[in-house]
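I opened this one to jot down a few things.

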Amino acid sequence: MQLKVTIVGAGYVGLVSAACFAHLGTSVTCVDRDRSRIDRLEQGESPIFEEGLDELILEGQQRGLLHFSTDLAAKVADADLIFIAVGTPSSKGDGYPDMAQVEAVARAIAPVLSGYTVLVTKSTVPAGTGRWLETLLRELRPDADVDVASNPEFLREGCAIRDFLEPDRVVLGADNERARDHLQALYRPLADRAVPVVMTTRETAELIKYAGNAFLATKITFINEMADLCEKFDADVEVLARGIGLDRRIGPLFLKAGPGYGGSCFPKDTRGLITIAERAGAPTRLVEAVNSINEDRKASMAERIRGLLGGSLEGITLAVLGVTFKAGTDDMREAPSLDILPRLQAAGAAIQAYDPAGMEHAENLLPGVSWHEDAYDAATGADALVILTEWSQFKALDLLRMRETLGQPMVIDLRNLYEPQVMRDAGFVYHSVGRGSRT
Ligand code: NAD
């Protein structure tokens, strides 16, 4: 079956999905309402920072398989599958996912549906969304031959292309044979490479996405609490994580203590799950605790830094390495830096910062921060160096040069990028997370 795909939304998920489907041989049009985004894409320039994406977009365009447009209505009639990959941010108030962008897509495509079409939610959406969209489409276009399916996305920014092309699994939720066949045909190239495909109902697929993110957020929050405990007992959270992670029932991943999780998914999706579950009458008390512990943790990091600098930040200059929520992305959504830096500034600190990819986005979000061209430039004359994001270049600093560049040789490493003894031997006063007196 030679399928034609339209993807609505050229953001982190939509654009990566479009480029990867084209790479797998499918003809794809990626549509966005943001004209400047589409203009840049048509000129072969990716509007987001993601390793390998520029090359993949170019490859798709050269093969004639990848197209871009702002005109959604014109790209509906032809499509066998239409993917919704627009934002589902937390709504103001209780954090329930705001479905306005998803609804707008359904309303825009309804009048122009033609032939059999499967509308697929790739955005993270509450359980019941597929059913709701189907009802809406039947109301708007009773004559349309359309099914609604769910295909949640699990890619991670920073390694999104590999995650898409070599995923741990693909989850497909559909309630009838025809929709299932379309989805299976689209994903056959991955299934042929032995990628496990979980074929289920729409509601289960929708819930899998929230359950997965909530579980991962729980794992991070758990190890962060263990880090606090380690500090009280002069124990080492890195060794503790290895000690529990070697148990195959636990696993070694996502046991990295740090400043609290951020990003475009975990905070929003844990809040989303909490409200979805509350409204359904099955509260997720564990996830509620995870969410509030994490919020407290991000807020407490500024206090921790203040304490390490003797209790006052008046007149102190801090060099900050990394402001994005994690390495490998320019995404600033709910980055811990957005909690931590304004608190440091309010306590009197001047901030000199550097990030390899996030500074353009961060500039407006973090007023008053001075931005620098590299780690050493940011560190010049500072009273301490604070490592906030685990970019690989921050793991390989020239320690001698850094010590000479800083005003005071203090490093506060909230990502545990260095061995405490190595830093001490290099002449630093070194503080990290959950490593007892070695922190
Ligand atoms: P994003 O904000 O980067 O991209 C969304 C895009 O949709 C924007 O470019 C916006 O202009 C466009 N858009 C919105 N309404 C539109 C419309 N009516 N017509 C055309 N274009 C429209 O968002 P994202 O990070 O790609 O996330 C999209 C969804 O995928 C969310 O539900 C998110 O939770 C989920 N998700 C994100 C990730 C991630 O790592 N970012 C991973 C898995 C799932």
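**Ligand shell**

I started with the ligand and found 27 residues surrounding it, with Gly9, Gly11, Val13, Ser123 and Thr124 as the closest. Keep in mind that I'm working from a predicted model.

Next I looked up which helices line the ligand. Both α1 (12-23) and α4 (100-109) put at least two residues each into the shell. Sorting the shell by class gave me 12 nonpolar, nine polar and six charged residues.

**Domain record**

I checked UniProt for annotations. An unreviewed entry there lists residues 319-420 as "domain: UDP-glucose/GDP-mannose dehydrogenase C-terminal". In the model, I get 30% helix and 18% strand for residues 319-420.

**Positive phi**

Then I went through backbone angles. Ala194 isn't a glycine, yet its phi is positive, near 70°. I placed Ala194 in the loop that runs between α8 (188-191) and β8 (197-200). Is Ala194 buried or exposed? I call Ala194 exposed because it has 6 C-beta neighbours inside 10 Å, and the cut-off for exposed is 12 or fewer.

Glu334 was another non-glycine with positive phi, at about 50°. Glu334 belongs to the loop between β9 (317-321) and α13 (336-346). I counted 19 C-beta neighbours inside 10 Å for Glu334, so I logged Glu334 as partly exposed; buried would take 20 or more.

Methods: Residues numbered from 1 in each chain as written. Predicted model: local features only at pLDDT ≥ 70, side-chain atom pairs only at ≥ 80, totals over all residues. Near = placed C-beta within 6 Å. Helix = DSSP H or I, 4+ residues; strand = E, 2+ residues; numbered from the N terminus. Nonpolar A, V, L, I, M, F, W, Y, C, P; charged D, E, K, R; others polar. UniProt positions renumbered as here; feature names shortened; annotations may be inferred.
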